[in-house]
Amino acid sequence: MPGRWLTYCLAALAVLAVADAPPAAARPQHIVSINLCADQLLMRLADPDQIASLSYFSRDASMSNLAEEASAFPRNRGLAEEVMRYKPDMVFAGRYTKRMTVDLLKRIGVDVVELDVPRSIPDVEAQIRRVGEALGQEARAEAMVREMEARLATEDVSASKRPSAIVYEPNGYTVGAGSIINVLISLAGLENLAAEKGLESYSRLPLEKLVALSPDVLVVGDYRDAPAVANEILHHPVLSRMPRPMEIVSVPQRLWMCGGPDIFKAVEVLRQAADKARARQ
Amino acid sequence: MSEIALQATGSAAGYRRLLGILSLTLLVAFVLSLAIGYGPFDFGAALHSALSGKDDLGALVFIEIRLPRAILGLFVGFALGLAGAVMQAFLRNPLAEPGIIGISGAAAFGAVVIFYSGLAAVSSLLLPIGGIVAALAAGLLLFAVAGRNANTATLILAGIAVNSLAGALVSLVLNLSPNPFAATEIMFWLMGSFADRSLTHVAIALPPIVAGCIALFLTSRALDALALGEDTATSLGFDLRITRALLVGGVALAVGGAVAVSGTIGFVGLVVPHLLRPFVAYRPSLLLPASALGGAILTLSADIAVRLLPTQPELKLGVVTAVIGAPFLFSLVWRMRGDLR
């Protein structure tokens, strides 16, 4: 009898030893994300069995680029109690959202990784690498950064050939300097008029001023089909009656609202619009 | 009968002068509303190109952005001022007004249901219809609960109940919407705004507003008779059931149509009739046109004010009218505190 017990114990030790062997041991095994941007990085960088739960909006195709993949994981509404049910060894959250939950989780000793809002391409890359490191998946993170760099690489468009552009989002908000979107517009070979006019990132641009600026390209922040008064301004009849027709292009919010690996797709959409605007001139 | 009344007050000329002054002020407010905006446009040049049919940027801003805003301000204010005057006279209640007794709130709920369910995208005509139907339902409900001769407290309490329910239901619909912006739009529906409305909004709101105002003006002679007492009015041959139908239908059309495109704008119908009543010798039939013009002036002025105030984003219109109107309501309650007991 004792012999059999010994075998069991040795076997258990052996299992523990294997589990302890780097790098797998360093890898968190019960990750919960309460942030949509973290969801999308996790699904690409982590092994599926590392993920315990994703945020509520991860399955929403209008916000998430991996909505279909996300349906394989349980989802949470980002409440501390709900998160704890998964007994997470790591929680991913945003720097500025769900602060109450994050504070509570930290207080009870949960390892919380907070994602920043990137403002430049190096910021985006650093964030991907940081998440990769936290997951113990450095190689995948490095590959993701390389691919993104390759897709973003572009021939220089001389300043004179740059069509002017304005981003117009629901409620008439525009994007100025100091935002990743401004960087993406430049990368696409467009000139962001709002940044040139010294507008801050996310300030309101009255419809009248937009008409006065009369850009070559109007980048409409397309949110979703469900109606909202906020969206009405994007369909105001004046926009289709401009004396000099604008190229109106709609960039799905899910491509650039995270400043994650999908931003090159937004740049591709913008490049096509820039080409059309140049052809028109 | 109006003639006799005017001779009795000895100021037919005075009344004409009052209407003249109000019309002139309204014209000034309308022109200012067209001239003030955010874009750096020369008003004179834009007006010239618009009139000569040129399609430059100035004309475009003028016709597509500022004109709808000014027209809506004028008609919505006109309807609110008129509705307040008619309701105060018919209900013989100084606090009667579409906002306070919950008709505007109900109209907002009707419009919100149509808008966020996507029905407004099927046909924009459905939007005012939603507002009108809900306003009509609230009007009928209030009459059923409070009756025509209800005391002030009963009517106001019934109004509070309708307002709270409508506000909660608006909030519910907005929260059920999958659009993340919807939840923040309670401000628009409860406080009102004419910002960035288009000629499409003018086209859908104007017909019901005009029809409603005509119905409300038709009550004018009955309201004069009613001022002498219900029996006198009946003996003079006025069927008060018809007057009531005109009032409920007219308010529903005018307020329902207005709220559907601009949200609820409070206090206009309360403040304006009280301010102008002393100038028309307290005669309802004379008060109606004056109050309608006054409502339009107040609403256009408030809309000019929100554009001049350096807030980001622009203030909602109801904020300005409440800042003016709420102290006014308070002073009314102060004066009436003996009667309310």
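In which order do the five strands of the open sheet in chain A stand? The order is β3-β2-β1-β4-β5, and the pairing is parallel. This is a predicted model, in which local features need pLDDT of at least 70 and side-chain atom pairs count only at pLDDT 80 or more, while totals for chains, interfaces and linings use all residues. Residues are numbered from 1 along each chain as its sequence is written, and chains are lettered from A and ligands numbered from 1 in the order in which they are written.

**The sheet in chain A**

- Strands (E, at least two residues) and helices (H or I, at least four) are DSSP runs, numbered from the N terminus.
- Two strands pair if DSSP finds at least two bridges between them.
- The edge strands are β3 (75-76) and β5 (112-115) of chain A, each of which pairs on one side only.
- Strand β1 (residues 31-33) of chain A pairs with strand β2 (residues 51-55) of chain A in the parallel sense, over two bridges.
- A:Val32 stands opposite A:Ser53 in β2(A).

**Positive phi in chain A**

- A:Lys98 is not a glycine, yet has a positive phi of about 50°.
- A:Lys98 lies in the loop between β4 (90-94) and α5 (99-107) of chain A.
- A:Ser214, also a residue other than glycine, has a positive phi near 45°.
- The loop that holds A:Ser214 runs between α10 (207-213) and β10 (217-222) of chain A.

**Nonpolar cores**

- A nonpolar core is a set of buried Ala, Val, Leu, Ile, Met, Phe, Trp, Tyr and Cys residues joined through C-beta atoms within 7 Å.
- A residue is buried if 20 or more other C-beta atoms lie within 10 Å of its own, exposed if 12 or fewer, and partly exposed in between, with C-beta atoms placed from the backbone.
- The largest core has 105 residues, of which B:Ala79, B:Val86, B:Ala135 and B:Val255 touch the most other members.
- Helix α4 (residues 57-90) of chain B gives the most to this core, with 16 residues.
- Another core, of 80 residues, lies apart from it and includes A:Ile31, A:Cys37, A:Met144 and A:Leu184.

**Where the chains meet**

- In total, 29 residues of chain B are in contact with 24 residues of chain A; contact requires C-beta atoms, placed from the backbone, within 7 Å.
- α4(B) gives the most to the side of chain B that touches chain A, with five residues.

Notes
Two residues are in contact if their C-beta atoms, placed from the backbone, lie within 7 Å.
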